[in-house]
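Biologist: I would like to learn how to read a few features of a model like this one. Could you take me through them, general idea before the case?

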Amino acid sequence: MTLRLFVPGDAGAVALGSDEVASALQVAADRSKTPIELVRTGSRGLYWLEPVAEVATAARRVAYGPVTAADAESVFDSALAGDEKHPLYLGKPEELPFLKNQTRLTFARCGIVDPRSLDDYRAHGGCRGLRRALQMQPAAVVEEVTQSGLRGRGGAGFPTGIKWKTVAQTAADQKYIVCNADEGDSGTFADRMIMEGDPFVLIEGMAIAGVAVGATQGYIYVRSEYPHAIAVLNDAIRAARRGGMLGRNIAESSFAFDLEVRVGAGAYVCGEETSLLDSLEGKRGVVRAKPPLPAHRGLFGKPTVVNNVLSLAAVPIILEKGGSFYRDFGMGKSRGTMPIQLAGNIKYPGLYETAFGITLGDLVDRIGGGTRSGRPVRAVQVGGPLGAYFPRSMFHLPFDYEAFAKADGLIGHGGIVVFDDTVDMAKQARFAMEFCAIESCGKCTPCRIGSTRGVEVIDRIIRNDDRAGNKVLLEDLCNTMKFGSLCALGGFTPYPVMSALTHFPEDFGAPPRLAAAE
Amino acid sequence: MFVSAYWKRPAGSWENALNAYASWDAETARTIIAAKQSMPGALLPILHALQEEFGYIDHDAEPLIADILNITRAEVHGVVTFYHDFRHAPPARHVLKLCRAEACQSTGGDALAAHAEATVGVAIGNTTADGGVSLEPVYCLGLCAVAPSAMLDGRVIGRLDENKLDALLAEIDR
């Protein structure tokens, strides 16, 4: 029989040489005259093992990793012989503890299926949510999403069902579904992974949103830094059109829905929903004042649902299994699962999807294995460049929107960046302000001017120029930015700055806090 | 072979693969613009297409776009200058983008950037005098699990270290 080989085409795996591994495996197969089918999947998200190569026979699918091109021949021979003694042999991937302990709802297929094959998607349970949605009243679809407790996974945490309901109830000749795939936060890569590994789940989620609110056109706004994701999405959209999942009568219903990928141009602020809309309209990505809400007047002035990739990708399983199925995971007002991204200086970096409520310490120490450098963990930044830095003394925090907000932080898009004890927190605080200055759209003064002044004030603190006075000034400036900025860029930049100052005062020339010394 | 051919980025991608760009030509530009003029929100797709063809947005493209889209030249100029991606001059033969964001900082990205600057001989954000290499900052390639990361002429590289960086720079025909 034909041997099926799977090698990730995920950008993270490609960055570690998976293209070369795939070519070398093909060469090895040609040499042994064995017919193979080589599938370029997404990544399962165990990046310390990438590039992973998986081999499926009729009986089972096993993994090897990390594989280099030089290993390809021996891996191929070992796979052909069914030998389990190869040093890179990992066994069944789903039995690896990192994967086994996850609750993969959104990422159920990522790394397993061929991301360009609609047949493969259907064979692995895809399209069931859309089929069920098409048999329901649109209002009932919205209700199902509301019942699931799904909240915006981009960071704001706004209930998705409420947003949909507003658009559904606004009368207009044209409505839009816009997917925010401008994943610019450092430490986050879940959007990229799902777009590269299982793009049909996003397409299905957007089609369901279209049916629910009465929108016939969708746009996926992807950042230009993600060429691999853009290529896969475009192929998947073409396949979805051919397969009747998009177009005039989706899944043989009377509903029409089509999609287009639009590429950003390197502006971080376009991850903010209103500047994203302006960018889609062909303008400078400048933040709009709200109201009007995009749900009332969004893209081209029409009612628009703007949702993050992960929010939309969670919708198919909610429709397939029901809102209460999804709601049963999680804690408090944070329902369902969150694809958490472990990044930076961490031993086991990757994608960890789990129910809300897991503690920060569990994620960093137990699952992430501490730092890659082997030095002690000193700080973790949660939620991207606008998220707070936390010391070890805060590792009891459960992953939950409210708990993080109460601790003057945010979960954002679920990225965790780990730093060891060589980090200089004053430098990190300065970078937060510098980044805001580089990326500010310039519309509101607190962000545009405040960020530049912030860099200057921190510079003065660093060089011990009236330290006490400048710390008061920095706090005041952060307050102005937090409460006076139009959007989260200026409004949240104070989180990394103030958390660094509060939790790591010794890096700003003050004695360490007692809590930090425990 | 199916593997690499299938997965390689499509020809004419927005990234400068080997920088084989056409020189500026107003007629070609007009055709490119006209082909996309009826798209809703056409300006960004037009600018991407022009940069893909010529490697940058020529100053003379702005009045052409303004004319065809029936908007002011100031509006076009505003958009071209707002976005980091759009270049105002032809790019160097090779572009090395180094990720400068937090996840790469946590894994020694700052030291790597300093090493790149010292080796190439220009500060980040600049091009060598012979037009051989540009060092550009990028704020996150989404490769935070394999940090520090970089992109050389559209090719992604993870777990970068000084040795890998030296090999990449040596590989570039400067």
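Modeller: Gladly, and let us begin with handedness: a crossing is left-handed if the near helix is turned anticlockwise from the far one by less than a right angle, and right-handed if clockwise. Helices (H or I, at least four residues) and strands (E, at least two) are DSSP runs, numbered from the N terminus. By that rule, α2(B) and α4(B) make a right-handed crossing. The contact joins Ala26(B), Ala29(B), Arg30(B), Ile33(B) and Ala34(B) of α2(B) to Ala61(B), Leu64(B), Ile65(B) and Ile68(B) of α4(B); two residues are in contact if their C-beta atoms, placed from the backbone, lie within 7 Å. One caution about the source: this is a predicted model, where local features need pLDDT of at least 70 and side-chain atom pairs count only at pLDDT 80 or more, while totals for chains, interfaces and linings use all residues. Residues are numbered from 1 along each chain as its sequence is written, and chains are lettered from A and ligands numbered from 1 in the order in which they are written.

Biologist: At what angle do the axes of α2 and α4 of chain B cross?

Modeller: Axes are lines fitted to C-alpha atoms, for helices over the stretch in contact, and angles run from 0 to 180 degrees between N-to-C directions. Helix α2 (residues 26-36) and helix α4 (residues 61-69) of chain B cross at roughly 35°, and their axes come within 10 Å.

Biologist: Which residues of α7(B) and α8(B) meet, and are these helices parallel or antiparallel?

Modeller: The rule is that angles under 35 degrees count as roughly parallel, over 145 as roughly antiparallel, 65 to 115 as roughly perpendicular and the rest as oblique. In chain B, helix α7 (residues 109-120) and helix α8 (residues 162-171) pack at about 30°, with axes 11 Å apart. That angle makes α7(B) roughly parallel to α8(B). Their crossing is right-handed. Leu112(B), His115(B), Ala116(B), Thr119(B) and Val120(B) of α7(B) meet Glu162(B), Leu165(B), Asp166(B) and Leu169(B) of α8(B).

Biologist: What does the overall make-up of chain B look like?

Modeller: Chain B has eight helices and four strands, in the order α-α-α-α-α-β-α-α-β-β-β-α from the N terminus. Domain bounds come from an automatic or database domain assignment, which here gives domain 1 (20-82) and domain 2 (94-171) of chain B. The centres of these two domains, taken over C-alpha atoms, are 29 Å apart.

Biologist: How much of chain B is buried?

Modeller: A residue is buried if 20 or more other C-beta atoms lie within 10 Å of its own, exposed if 12 or fewer, and partly exposed in between, with C-beta atoms placed from the backbone. Of the 174 residues in chain B, 40% are buried.

Biologist: Is helix α12 of chain A enclosed or open?

Modeller: All eight of the eight residues of α12(A) (residues 273-280) are buried, so this helix is largely enclosed by the rest of the structure. Its cover includes β6 (176-181), β7 (217-222), β8 (258-263) and β9 (304-308) of chain A, together with α3 (43-54) of chain B. After α12(A) comes Gly282(A), with a positive phi near 90°.

Biologist: Where does Arg132(A) sit, and what does it touch?

Modeller: Arg132(A) lies in helix α6 (residues 128-135) of chain A. It counts as partly exposed because it has 17 C-beta neighbours inside 10 Å. Apart from neighbours within four places in sequence, Arg132(A) is in contact with Leu319(A) and Glu320(A). Arg132(A) and Gly322(A) are 190 residues apart in sequence, yet 9.9 Å apart from C-alpha to C-alpha.
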